[in-house]
Amino acid sequence: MNPAPDPRPPAAPGPASPAETARLTATVARLRGELRAAGADADRRALLGLAAGILVARLECTPAQAAERIAALADAAGIPPAELAADIVGRDVPGTAAEAVPEDVPAPERLAARARLWGAEAAAATASDADDAARAVLENAMAPLGAAAVALWHVQADGALRLAGQAGLPAGEAARWRHVPPGVATLAGRAVAEGEAVIGRGAALGPAAAGPAAPRAPSAATAGRVPSGVRMAAPAFAGGRIAGVLEVCWPEAAAPGAERSAPPPDVVRQVAAMADVAARAVTAPAHPAPPAAGAAADVADVLPCPAVVLLPVRAEEPADVDDFVVDHANRHFADPSGRPWPELRGARLTEAYPPAAEPGRLLDLARRAYRTGTPATLRLAPPAPGTDTGPDVAVWTVGEAVVVSWLPVEDRAGRLADLVAEAQRMVSVGGFEENLGTGDVLWTDEVYALFGLPDDARPLGLRQLPAHVHPDDGTVVARFLRTVLDHGRPASAVLRLLRPDGAVRHTRIVAAPSPGTPEDTGVRVRGAYEDVTAEYGTAVALAATRERLDEAEEESAARNRLARQLQEAIMPTDAEAGTGGLRVAVRYRPAQADAAVGGDWYDTVELPDGSVLLCVGDIAGHGIAAATGMIVLRNALRGLAMACSDPARLMHWLNAVACHPLGAVTATAVCAVYDPRSHTLTWARAGHLPPLWVHGDRAEPLPLVDGPMLGAFPEAEYDEQRIALAPGDTLVMYTDGLVERRGSSVSDGVARLAALLPRRTRGPEELLDRLLALGNADTDDDTCVIAAQVPE
């Protein structure tokens, strides 16, 4: 016989005990760890699958045979299969961080280093935010080199640095340096200013003593440990510009075996590679993207009790709040489960403290405070057996943030009331209440101070407000009073209060009517005044700054247009001509339509003796000065070539023009003279890149001849070289904007350009079009290029 069902409803669960809370928190932490481990395992499987796919394509074998081949090779080398897979993928996927480890490093060190960098790049690419990206870089790439912490800085539009993410920093360090204004001397700021990796010593963040300089792309060297006490900051490039900085911190304790005063070049190279990986994290939008909580953080920091700042996470319905993100904690806060603050920052409230999601607990309290703006309190469970009550939690809003503070057991309502009142005073808010039936008005102390009236003065009713505001705000006051007093609806407005001392205070007023008590049937209006003068002053200053910036941008644009007109007036962007038996094509390509005009120039001139002058040059700098300097050198070379066709002597004379005090410029140039009678080409250079010679099935740069840049010193001497050109040969002269690429040397760029040159074309026009289309330079620089072909 089945027992009768119990008709009573189940009892509501009571508050969780501290032990239950600790177990639930530990369970969430364990599950999150297992999720991260599962993600890492998925990354390793994807890496092995990609490596196997490469072997299938190259060895024409089955996937099973490729997997067996990877396992056998890894076992023979004594390394994990994932490290071998990373080496295979790192060699075959250009642009990965693994390219930071060159081929001349011994195989064991190379395989291990490439596996670390590839793993860090893969983990950072799937990171949920900048903190996760920093943790991926530290754990996978930097910790094996002895690093203790990394920081990701975001370079803002005004030059300030914002700490976007970090891993391994001591508690409080990230909060202390979360924003660095422009002009503050820090290691990260030096990296932005110099555009390359820099080294320093000192505290984890902030100012640092200068260390030995390090190039961004040094030559290969063996792996090594960074000396103790060293910090390194490398700029993170995104879209050809510095978007952030990766700062790596090593501990103060001496690293074993470190005897050098500067990190080895391979370590510098790996940090620079990780900086470019981290650039994706600092440029990606935050997830979630809550409003700034600077004012709320300042309030929490001065409270004498533990406090945290929560930022809302919007639900699908914009009016709702789904959860809160833990954004800031003051120095009194200690996590009940003993977790360090960096692990909590950015976590959702319900993930960090699951009991907060129970009905009537902290999540509901924070939602209600955020929605209504009304402070609230919550009595927690007893902290230990034998005690009657637990601590009180006070929740109130500051702007768009929610501040949560805990009061100890021995402190009760008195301190709680003082706490809320102090928080309201800190944000310059005062309350009022007016009985419309009796005319009684109550003000808090903050309202008296805002109106500039003594404490014994009679409070002003709402209908007296128009006499105390600026005349231009009369319409705003009338609309506000009509909504509240006549229509009985809540309203708000921003007014300019005129105080008796002549001062003007920008004030936000919020009011809402409510029915009276049974003893008093009159309608009561309750509301608050908030002093927003500081916000208004900031807005005015920002508007003035924005106006000055707009004027500066317009002036800069005007200068660039003038420089561009000067440049195009004497140097058309496209041309093809037949000169002295040569087929000549020229191209000019600006870096950007709105970029500052550079000083790149070219010229082709048929000389009186029938020979042809070909020249290309690059003036240092941008703007009008560069454009006018280009005009001076180009016209001077034309005039000098009418008297002499010797390239070395022309460079000597042109250097004298560049060094003259009236028009001193610094430039590079290359000059060539073709004699159609002997089919010979004589050329000289002044610090410029060598021309490329396409003959037969080969394309190679001409051997360098000596010659310093123009304007360096007056008595410079220049050498020249002569070569014989055959029918069909092509000479290509260019400026560095065609070959420069961040992270690689210019010589590598010249070699890549030679490899791109088409061997068989219908003429120099087609050759230049294909060369510009295939070129992969990524710097913001103009490009000039000439192609001269001997007809077949």
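Helices here are DSSP runs of H or I with at least four residues, strands are runs of E with at least two, and both are numbered from the N terminus. The model you are looking at is predicted, so to speak of local features a pLDDT of at least 70 is needed, side-chain atom pairs count only at pLDDT 80 or more, and totals for chains, interfaces and linings use all residues. Residues are numbered from 1 along each chain as its sequence is written, and side-chain values use heavy atoms, with hydrogens and water left out.

Let us start with the whole protein. Its secondary structure comes to 20 helices and 28 strands. Of its 792 residues, 44% count as buried; buried means under 20% relative accessible area, exposed means over 50%, and partly exposed lies in between, with a 1.4 Å probe and protein chains only. The protein exposes about 38,500 Å², and carbon and sulfur atoms supply 55% of that area, as computed by the Shrake-Rupley method with a 1.4 Å probe. A contact means heavy atoms within 4.5 Å. Among contacts between residues at least 6 apart in sequence, 59% join residues at least 24 apart.

Next, the interior. A nonpolar core is a set of buried Ala, Val, Leu, Ile, Met, Phe, Trp, Tyr and Cys residues joined through side-chain atoms within 4.5 Å. The largest one has 33 residues, and those with the most contacts inside it are M142, V150, L246, V248, W250, V271 and M274. Two or more residues each come from α4 (107–125), α5 (130–142), β1 (149–155), β6 (230–238), β7 (241–249) and α8 (265–283). The largest share, eight residues, comes from α8.

Now turn to a sheet. Strands of a sheet pair through backbone hydrogen bonds, either parallel or antiparallel. Two strands are taken as paired if DSSP finds at least two bridges between them. Here five strands form an open sheet in the order β14-β13-β17-β16-β15, with antiparallel pairing. Because β14 (441–443) and β15 (491–498) stand at the edges with a single partner strand each, one side of each is left without a neighbour in the sheet. Neighbouring strands are turned by 25 degrees against each other on average, direction ignored; for such angles, axes are lines fitted to C-alpha atoms, for helices over the stretch in contact, and the angles run from 0 to 180 degrees between N-to-C directions. Helix α15 (residues 474–486) packs on the sheet, where it touches β15, β16 (504–514) and β17 (524–531), and its direction makes about 140 degrees with that of β15.

We can walk across the sheet by its bridges. Strand β13 (residues 429–435) is joined to β14 by three bridges, and F432 has W443 in β14 as its bridge partner. On to β17: β13 and β17 pair over seven bridges, with G430 partnered by Y529.

T507 sits in strand β16. At 2% relative accessibility, T507 counts as buried. Its contacts, leaving out residues up to four places away in sequence, are L450, A493, V494, L495, L497, Y529, E530 and V532. The side chain of T507 also reaches the backbone oxygen of R505 at 3.3 Å. That is a polar contact, defined as a pair of N or O atoms within 3.5 Å; within protein, one must be able to donate a hydrogen and the other to accept it, and residues adjacent in sequence count only if both atoms are side-chain atoms.

Finally, some residues further along the chain. L640 lies in helix α17 (residues 624–641) and counts as partly exposed at 21% relative accessibility. L640 touches L650, W653 and L654, not counting residues up to four places away in sequence. The C-alpha atoms of L640 and L654, 14 residues apart along the chain, are separated by 8.1 Å. V657, in helix α18 (residues 647–659), is partly exposed at 28% relative accessibility. D675 belongs to strand β22 (residues 667–675), and a polar contact of 3.5 Å joins its side chain to that of S678.
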